[in-house]
Amino acid sequence: MFRNVWGRFLRETVRVRHHVKLAPSTQTSSPAGVVGRSFSAVKDEASPPFDSSLLELLVCPLSKKPLRYDAATNELINEELGIAYPVIDGIPNMIPQEARLIKKDTSNSTQQ
């Protein structure tokens, strides 16, 4: 039984290799033998803007409170905790370890 399965596997593998055509190579080889990708075909485009309709769905992963988008810094801000999540290429990075601490207004807390 295993002989038949192994034989079918080998035949199918060879058949697939014959039908697959190799794509033109976009990789270059350096003298050290390390393969690097050529970015000459990649266009320099501006990063897509953040879709503000996502604010209805996104909440802070730590406090579960709504976030505010700041277009000047391109960040989602949690006012309660004083942290800002970066938006990279239109995609919010909601990893708490990647968030930036922002200064809270401490003048109200010192006045009594």
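What pattern does the protein chain follow when read along the sequence? The pattern is α-β-β-β-β-β-β-β-α. The model is predicted.

**Whole chain**
- The protein chain has two helices and seven strands.
- The chain holds 112 residues, and buried residues make up 16% of them.
- The accessible surface of the protein chain is about 9800 Å². Carbon and sulfur atoms account for 57% of that surface.
- Take the contacts between residues at least 6 apart in sequence: 21% of these join residues at least 24 apart.

**Nonpolar core**
- Eight residues form the largest nonpolar core. They are F50, C60, L67, L76, I83, Y85, V87 and M94.
- Strand 5 (residues 83-88) gives this core its largest share, three residues.
- M94, a core member, is in contact with V59, P61, L67, L76 and Y85, leaving aside its neighbours within four places in sequence.

**L76 in focus**
- L76 sits in strand 4, which covers residues 75-78.
- L76 counts as buried because its relative accessible area is 0%, and the cut-off for buried is under 20%.
- Neighbours within four places in sequence aside, L76 is in contact with F50, L55, L58, L67, R68, Y69, I83, A84, Y85, V87, P92 and M94.
- P66 is 10 residues from L76 in sequence. In space, the two are 9.6 Å apart, C-alpha to C-alpha.
- L76 also belongs to the largest nonpolar core.

Definitions and conventions. Residues are numbered from 1 along each chain as its sequence is written. This is a predicted model: local features need pLDDT of at least 70, side-chain atom pairs count only at pLDDT 80 or more; totals for chains, interfaces and linings use all residues. Side-chain values use heavy atoms; hydrogens and water are left out. Helices (H or I, at least four residues) and strands (E, at least two) are DSSP runs, numbered from the N terminus. Buried means under 20% relative accessible area, exposed over 50%, partly exposed in between (1.4 Å probe, protein chains only). Contact means heavy atoms within 4.5 Å. Accessible areas come from the Shrake-Rupley method with a 1.4 Å probe; for residues, only the protein chains shown count as cover. A nonpolar core is a set of buried Ala, Val, Leu, Ile, Met, Phe, Trp, Tyr and Cys residues joined through side-chain atoms within 4.5 Å.
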